[in-house]
Structures are given as C-alpha cells and as structure tokens.
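Hello,

Here is the structure I promised to pass on. My notes follow below it.

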Amino acid sequence: MHRFEPCLNFIGGRWCEPKTGQYGDNVNPANGEVLGVWARSGADDLDDAVRAAREAQAAWRLVPAPERAKVLRRVADLLRDRKDEIARTLTMEMGKVIEEARGEVQEAIDMADYMAGEGRRLFGQTTPSELPDKFAMSVRAPVGVVGIITPWNFPIAIASWKSLPAIVAGNAVVWKPAEETPLTARAFAEVYQEAGLPAGVLNVVFGDGPVVGEAMLSHPGIDVISFTGSTETGRHIASRAGANLKRVSLEMGGKNAITVLADADLDLAVDAIVWSAYGTSGQRCTAASRVIVEREVEEALLARLLPRVQALRVGDGLDPAVHVGPVIHEEALAKIDRYVRIGVDEGARLMTGGRRLTEGTLAQGYYYAPTVFAGVRPDMRIAQEEIFGPVLCVMAVDSFEEAIRVNNGVKYGLSASIFTRDVNRVFRAMRDLDTGIVYVNAGTTGAEIHLPFGGTKATGNGHRDSGQAALDVFTEWKTVYVDYSGRLQRAQIDNN
Ligand code: ADP
C-alpha cells in the first residue's frame, strides 16, 4: 500500500486511468519511500485531453473575462486553505525544505490573486484612425489551446505562472507536469476543479517527457507551448514545435553570479549567498552558483562564508530545523559529484563539502554536502556549466569592469546580483549585466510574481513568464478597424 492514491489524468473534468495501463513510481528523495504512482500516459491520452480542451475553449473564450477571473479568485482562496497540506506534499516528493515549500505555494496564491485582477484589465489599445469616421483598436484574443510542460523544482509555482494567465485570457490548457512531482500537480488540478473551472479548460496528462511532452510538440490541436526546464530539452522543443509553427515560450538554465565589490556590506552579502546558493539545494534556475569577488575582500568574504556553509543542517525537508534538503534523485547526485571531481581536476580549491552525505538515515536519501570551491577561473567547466546542486564557485577579480565581464561570460543570462554601496556602479551594473533579472544588494533569487521573469541568451527565447509580460505568450493581438463613414475609404491613398 502506498501513502497516496494513484495520480490519474484529469481530462474533460474527469479523473481517468491512462489508456496504456502503465504507471510510474513517485519517490521521496529524502528517504527513498515510494509515495505512490502516476499515470504513465501515451499519445492517445494526450489526444483525449486536447479534444476536451478544444471543446471547452470554444465556450470558455466567450465567458466574460471578469467572470473567468472569479474562478481564479476561488483558486487563490482554496490554495490558501490547503497551503500547509500542499506544501508538505511538495516537500515529500521533491525535497525542498518546508518553509520554502510554503513560500512556493504562496507564490501560486499571489499569482492567482494577480491574474484574477487581469479579468478586469486585459487592456488593449485604441488610437485615432488616419481617416475620418473610422475607429481603430487592438484587443487581446486567446490563442486557443496552450500546452504547458513544467519541471519538478517548482512544481506549483511554475505551473501557476503559466496556467493562470492562460486561463484568464480565455485559453484552455493541457498540462504535462514533471514525472517527479505528480502529487503537487494533482492537488493544483483538484483546486481548479473545486473552484468551478468548467470541465476541459484545464487538463492534466501525466507521463514521460519523451512520450507525452514530445507528442505535444507536433499535436495539431495545441497552439502554444510554454516550457520550463533544461536548455537541452528546451532547444529540442523549440526546433520541433517551431517546425510546426507553434509559438514557443522557453525558460531554461542559469549560471547566476553574485558580485561582491570591495565596498560591500560583507555580512549582508554572505546572508544572500547562503540563501541563493543552497536554498532548494541549489536546484533553482536562479540559484547562485558563482560568486565574483574583488580580490581585496576575497579572504574576508571566505572567512565569513565557510563557517556559515559548514553550519547548514542537511536532512529531510519536513524537519523544520533542516536548512538544506536532498537533491531530486540519484542521477542528480551523480551529476553533482561528477562536476565536483571535474572542479578538483581543473585545479579549483575545494574549501568545504564535495561529497555525498550518507551518515545514519541520510544514506536512504539523495544528499550532497553544501560545497564551496575557491580559486576558480572563469573558463573552468564548473564556472561555465549548470550543475544544479549545492555547489558554489568563488572567483576573484581585480576591478568592477572585470566583474561585469566575468558575470556576462557564460552562455546563460537569467539572474545576476551585485553588492556595493556605490550608486554609480549600481547604475552601470543595471545597464551592463546582460541578464533578464538584476538584483542590487540582494541575492539572485526572490522574483515577485507581478514582474516579468526570464532570461537572455541560452536561458530563454525572448518571452517572459509572470507579470503583464506573460499575457503576451497567451494572447494574440487582434487589430480591428470600424469604418462608419458609409463609403470606401482607402488608407494611405485617399488621405494623401
Ligand atoms: P529536468 O532536468 O528538470 O528534468 P527537463 O528539461 O528534462 O529537465 O524536464 C522538464 C520538463 O520537460 C519535464 O516535464 C519533462 O518531462 C519534459 N520533457 C523532457 N523531455 C521532453 C521532450 N522531448 N519533449 C517535451 N517535453 C519533454
């Protein structure tokens, strides 16, 4: 017997067994317990979901947006009621510590509140026509059926960033959650159902990325793909979906740096580094995996940082005394350890950590010691490639300009942070850091839901989640001219 009932697909308002008859295991990374199983669906299940979505969207798009928003408001209320329970489930299936899990559910609540407000905005534009007795405007129209593909590291927050704006804008959704976090996805779908979302407006198909996710990319009934995950998978998705002329919004990897200038408040910087590097065990796309420090304060920074890292308590995230939970699975652990060996071989100085933790009950889960490398050169692989674990690379530089160059000298461009009290350098950094998100005197994490979230270069493809920018992904601009002159008026010809 498992602790949780099987996670079934949610299609057309009903919970359905997968037509494949197959199921996958949901494993708690803290202790290896199989929590339950999830529907290992196939392309037929996806077809059913897309059919349900298309039918539902035909009616949903005609529901006035303020009415659609009422459902979102109830989603926010229900999430508030279930915040603790969903947070506990989230911690059990993906490992982040309970305080962070609660924060993540709060992010979904905030997004529901915010996007409910869009029901009375969804602003378009009106502008004068160049011709007499003619009216010109543009309105946001839903795109149709949105395909959402999400990762395990923020199983409800990222799903909320994508599904809530899509739904308030009048689209229907087909969502394929990550294999590792089906329980959180089911809870979110239950909330939508209980909030009174009409059947078929949100559909969830559990399954493997290369099966269900892959089938979404070429499905003629899906108009937009919104994806968050690895750059490798995102690149594949963009090319496949692009060949089918689908709009694709991608949110991918990061190699985010915190720059600490010599005049910085070092204690504040250390607080931010510890939170940004080791929160969610370093498995945030905005995690700080690099520190760029002016050489004259490098030693002082390390002297403050190392004891703080060594004091981090690693364990089951359900224990409120734990700071750092497990990583997601054995392959992640192996990848992190491989990178640590690469760092040592490259000549970086391993200051602390650098090993799997197996003491006592930790042996049953996937735990890695919070790790710091110093003496890292910007061209080393550990300073260039996304490790996605609790590993931090400290690099010394000789000037502000060099710090900016090192920050920008990676293929990713999600988040960057700078600690300094020099206002001139703050403004130069705001201008010159080539990331989608810049923090001044704060760590690389902590995005707020009403601002755009996303990155440059290999992090994204120009779109943004969150904020007003999210609406651009899930709507088409429809331009409308109304000529009430009663005669044929030709733009560019009759008025010149
Ligand atoms: P991660 O390293 O976080 O698992 P992925 O990019 O592989 O990163 O996974 C993010 C999401 O993309 C998951 O829901 C996964 O199932 C899905 N996915 C993986 N491969 C594909 C694919 N070929 N097509 C569509 N989705 C995929």
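The largest nonpolar core has 97 residues, and Val75, Leu79, Met115, Ile167, Val376 and Ile382 touch the most other members. A nonpolar core is a set of buried Ala, Val, Leu, Ile, Met, Phe, Trp, Tyr and Cys residues joined through side-chain atoms within 4.5 Å; buried means under 20% relative accessible area (1.4 Å probe, protein chains only). Helix H4 (residues 98–118) gives this core its largest share, 10 residues. Helices (H or I, at least four residues) and strands (E, at least two) are DSSP runs, numbered from the N terminus. Another core, of 33 residues, lies apart and includes Ala269 and Leu306.

This is a predicted model: local features need pLDDT of at least 70, side-chain atom pairs count only at pLDDT 80 or more, and totals for chains, interfaces and linings use all residues. Residues are numbered from 1 along each chain as its sequence is written, and side-chain values use heavy atoms, without hydrogens and water.

Now the ligand. Glu214 has a polar side-chain atom 2.8 Å from a ligand nitrogen atom. For Ser230, a side-chain N or O atom is 2.8 Å from a ligand oxygen atom. Thr233 places a polar side-chain atom 3.1 Å from an oxygen atom of the ligand. The protein buries 80% of the 550 Å² that the ligand exposes when taken alone (Shrake-Rupley method, 1.4 Å probe).

Last, strand E15 (residues 371–374). Thr371 and Phe373 point one way, Val372 and Ala374 the other, and all are buried. Val372 stands opposite Thr352. In E16, its bridge partner is Leu392.

Best wishes

Notes
Buried < 20%, exposed > 50% of the residue type's maximum accessible area, 1.4 Å probe, protein only. Pairing = 2+ DSSP bridges. Polar contact = N/O pair within 3.5 Å; in protein donor to acceptor, adjacent residues only side chain to side chain.
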